[in-house]
Amino acid sequence: MSHEYQADGPALTLRENGPALLVPAAWGVAAATVLGAVSLHALFVAHVVMSALLVAFVVASWRDMATGVLRAWKLVILAGTPVTLAGVLGFLARDGAGLAAALPAGALLAVAFYGWMLLPAPAFVYTGLRDATVPRSTVHHAAAACSVVGAVVAAFAGSAAGTVAGIALVGLGQTAGILAATALY
């Protein structure tokens with residue numbers, strides 16, 4: 001990991017710790033939407049905000065995430081930005097908004113949903129392989145497994161409760177993994 005460029009103050013603290021807060025929040029909102037406790041419009045707004053945060057995060061962290069494990073996570077964010085934007089377009093298509101009305105809403109929303117379930121899995125595996133501390137490396141590998149198994153559970157769920165179970169598995173695993181990574185870096 002390169003530390004040639006160091007930022008100070010609240011911006012660094014937010015960049016270092018923000019993902020540990022945003023990951024469980026994002027999956028919590030997704031689960032709450034499936035259960036009808038959060039509106040689809042609120043989820044649309046969350047996608048717009050997440051898209052902006054992802055771009056801001058990767059721009060602000062570009063040099064810090066140049067090598068090793070952090071580079072793997074930079075690639076997740078870079079790939080995740082269009083995945084999140086697919087969700088934005090999916091909501092616009094669903095609502096029949098402008099040119100987006102011609103797009104396949106369901107497919108775009110599925111790209112966002114399953115994309116964020118699965119995109120972090122390889123980075124968790126890589127982080128686990130690069131982390132010599134056994135308890136943390138086990139958490140990273142479990143996070144990868146939870147991401148994949150949770151996506152499968154959600155994909156084959158026949159009910160809202162089953163979908164939420166898949167989301168919960170992904171959310172718990174990814175939250176544990178990001179907390180372990182935050183403690184490491």
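Which residues do ring pairs link into a cluster? In this predicted model, the cluster consists of Trp27, Phe113 and Tyr114. The sections below place this cluster in the fold and then turn to charges and surface.

Read along the sequence, the pattern is α-α-α-α-α-α-α. The chain counts 185 residues, and 41% of them are buried.

Helix α4 covers residues 105–118. Its 14 residues reach 20 Å from the first C-alpha to the last. That span is close to the 20 Å expected at 1.5 Å a residue. Several positions of α4 are buried: Ala105, Leu108, Ala112, Gly115, Trp116 and Met117.

Trp73 counts as buried because its relative accessibility is 13%. Phe124 is also buried, at 2% relative accessibility.

A further pair is formed by Phe113 and Tyr114. The ring centres are 4.9 Å apart and the planes stand at 75 degrees, so this pair is edge-to-face. Tyr114 has a relative accessibility of 27% and therefore counts as partly exposed. Both rings belong to the cluster that includes Trp27.

A charge also sits over a ring. The charged end of Lys74 lies over the ring of Trp62, 3.8 Å from the ring centre.

Side chains of opposite charge can pair when their charged atoms come close. The structure holds 2 salt bridges. In one, the side chains of Arg94 and Asp95 meet with an N to O distance of 3.6 Å. Asp95 is exposed, because its relative accessible area is 54%. Arg94 is partly exposed, at 45% relative accessibility. The other salt bridge joins Arg136 to Asp131. There, the closest N and O atoms are 2.8 Å apart. Arg136 has a relative accessible area of 22%, so it is partly exposed. Asp131, by contrast, is buried, with a relative accessible area of 6%. Why does Asp131 count as buried? Its 6% relative accessible area falls under the 20% cut-off for that class.

The surface carries a nonpolar patch of about 440 Å². It is made by Leu21, Leu22, Val45, Val49 and Leu53. Two helices, α1 (10–34) and α2 (40–61), each supply at least two of the patch residues. The largest share, 3 residues, comes from α2. Leu21 is placed in helix α1.

Notes. Residues numbered from 1 in each chain as written. Predicted model: local features only at pLDDT ≥ 70, side-chain atom pairs only at ≥ 80, totals over all residues. Heavy atoms only, no water. Patch = residues over 30% accessible without salt bridge, like charges linked within 9 Å, V, L, I, M, F, W, Y side chains within 5 Å. Areas by Shrake-Rupley, 256 points an atom, 1.4 Å probe, with all protein chains shown as cover. Salt bridge = Lys/Arg side-chain N within 4 Å of Asp/Glu carboxyl O. Helix = DSSP H or I, 4+ residues; strand = E, 2+ residues; numbered from the N terminus. Buried < 20%, exposed > 50% of the residue type's maximum accessible area, 1.4 Å probe, protein only. Phe/Tyr/Trp six-rings, centres within 6.5 Å; stacked < 30°, edge-to-face > 60°. Lys NZ or Arg CZ within 6 Å of the ring centre and 35° of its normal. Expected span 1.5 Å × (residues − 1).
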